[in-house]
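Thanks for coming. I will talk through one structure today, starting with a charged pair and then moving on to the rest of the chain.

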Amino acid sequence: MSTADLAALQPLCLVGPTGCGKTAAALALAQHCRVEIISVDSALVYRGMDIGTAKPSAVELAAVPHHLIDIIEPTEAYSAAQLLRDVAALVPAIQARGARPLLVGGTMLYIKALREGLSPLPQADPELRQELDARAAREGWPAMHAWLATLDPATAARLAPLDAQRVQRALEVCLLAQRPMSELLAEQPALEGPGAHWPLWSLEPPDTPAGRAWLHARLAQRFDQMLEAGLLDEVRTLRARGDLRPELPAMRCVGYRQAWEALETEPLHLAQLRERGIAATRQLAKRQITWLRSMPQRQVLNAQDPQSWRALLAQV
């Protein structure tokens, strides 16, 4: 394939906060040009987690080639480093088929890794993570955060005591490297991100009271639809497997964590689950928007306009 052909098939990134219609926009775009979709979502990788992740339906998955969906079990781990390796293999393969890679998702750590690369920190150690999870189950994550503060005060200062996933990772790095993670990040150059120059389009609501109200209403409606579609039954099935724990990254996904906790209480308080699920989804969207606003190179599409995706047609 010539350089000109590759330039014409340069990957595009379509990102945005949860609930803003990224999947619908990507599928609409695929009706007008030949693309293959690469998911950039840390929850869609898990098999058996369909309702709470708003995974594309079987019909949608069949309509357009999708990648990095349903690739691991909820017991397994997936990382930004693995994403970079997978994307590095997928992009040229998709281009060789004459299609344009369209990266779609809202996991901001993954998007940041694609744009800026990753520092070469020690890889995950499943056995050590199990030990950390077991200690956290006994002592609680605030105590784990306090332990991190003794090993790496700089990293602990920027992490919330209940941010279990990041506290766990920071402890893991400190213990494996026998040095603070903050020192490693300061002295080691980042690995180059493959998507540093890929066009970055972001589907966002307007930064106005009306825009925020629109997003909040959509997120509430979306969570209600998940409950109606059987989110609780899906989590019951996951709990019944016997090999999953609430501390696993898969079970810490928004919606799943709240449903798991609700199923542990008697009697089941559905109204309380709904309130907590919607609140957690709003918090997720707020964090995603904050990340996006730190990326001035992005081109913003109005999520309230169902036809805003058409601006992408000029790029394909």
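Start with Asp243, which has a relative accessibility of 36% and therefore counts as partly exposed. This is a predicted model, so take every value I give as computed from it. The side chain of Asp243 meets that of Arg241 in a salt bridge, 2.9 Å from N to O. Arg241 is partly exposed as well, because its relative accessibility is 35%.

I will show two others.

One of them is between Arg293 and Asp207, where the closest N and O atoms are 3.1 Å apart. Arg293 lies in helix H14, residues 270–293, and Asp207 in the loop between S5 and helix H11, so this pair ties together parts that are 86 residues apart in sequence. Asp207 is exposed, with a relative accessible area of 51%, while Arg293, at 44%, counts as partly exposed.

The other joins Glu139 and Arg135, at 3.3 Å from N to O. These two are four residues apart in helix H6, residues 126–139, which means about one helical turn separates them. Glu139 is partly exposed at 41% relative accessibility, and Arg135 is partly exposed at 26%.

Asp152 sits in the loop between helix H7 (141–151) and helix H8 (153–158). Asp152 is buried and has no salt bridge. Which side chain of opposite charge is nearest to Asp152? That is Arg158, 6.7 Å away. What the side chain of Asp152 does reach is the backbone nitrogen of Met181, at 2.9 Å. Setting aside residues up to four places away in sequence, Asp152 touches Cys174, Pro180, Met181 and Ser182.

Next, the overall fold. The protein chain has 14 helices and six strands. Its radius of gyration is 20 Å, close to the 20 Å that the globule rule gives for 316 residues, so the chain is as compact as a globular protein of that length. Buried residues make up 46% of the 316. Of the contacts with a separation of 6 or more, 77% are between residues 24 or more positions apart.

The six strands form an open sheet with parallel pairing, in the order S3-S2-S4-S1-S5-S6. S3 (66–67) and S6 (299–302) are at the edges with a single partner strand each, so one side of each has no neighbour in the sheet.

Look at S1, residues 12–15. S1 runs parallel to S4 (residues 100–105), and four bridges join them. S1 also pairs in the parallel sense with S5 (residues 200–204), over three bridges. Leu14 stands opposite Val104 in S4 and opposite Trp201 in S5. Are the faces of S1 covered or open? Both are covered: Leu12 and Leu14 on one side, and Cys13 and Val15 on the other, are all buried. In general, side chains in a regular strand alternate between the two faces of the sheet. Further along, S5 pairs with S6 through four parallel bridges, and Ser202 has Val300 in S6 as its bridge partner.

Last, Leu114 in helix H5, residues 108–116. Leu114 counts as buried because its relative accessibility is 3%. Beyond its neighbours within four places in sequence, its contacts include Val40, Leu83, Leu103 and Trp198. Ala196 is 82 residues from Leu114 along the chain, yet their C-alpha atoms are separated by 6.7 Å.

Key:
Residues are numbered from 1 along each chain as its sequence is written. This is a predicted model: local features need pLDDT of at least 70, side-chain atom pairs count only at pLDDT 80 or more; totals for chains, interfaces and linings use all residues. Side-chain values use heavy atoms; hydrogens and water are left out. Buried means under 20% relative accessible area, exposed over 50%, partly exposed in between (1.4 Å probe, protein chains only). Two strands pair if DSSP finds at least two bridges between them. Lys and Arg count as positive and Asp and Glu as negative; His and the chain ends are not counted. A salt bridge is a side-chain nitrogen of Lys or Arg within 4 Å of a carboxyl oxygen of Asp or Glu. A polar contact is a pair of N or O atoms within 3.5 Å; within protein, one must be able to donate a hydrogen and the other to accept it, and residues adjacent in sequence count only if both atoms are side-chain atoms. Contact means heavy atoms within 4.5 Å. The radius of gyration is taken over C-alpha atoms; the globule rule is 2.2 Å times the number of residues to the power 0.38.
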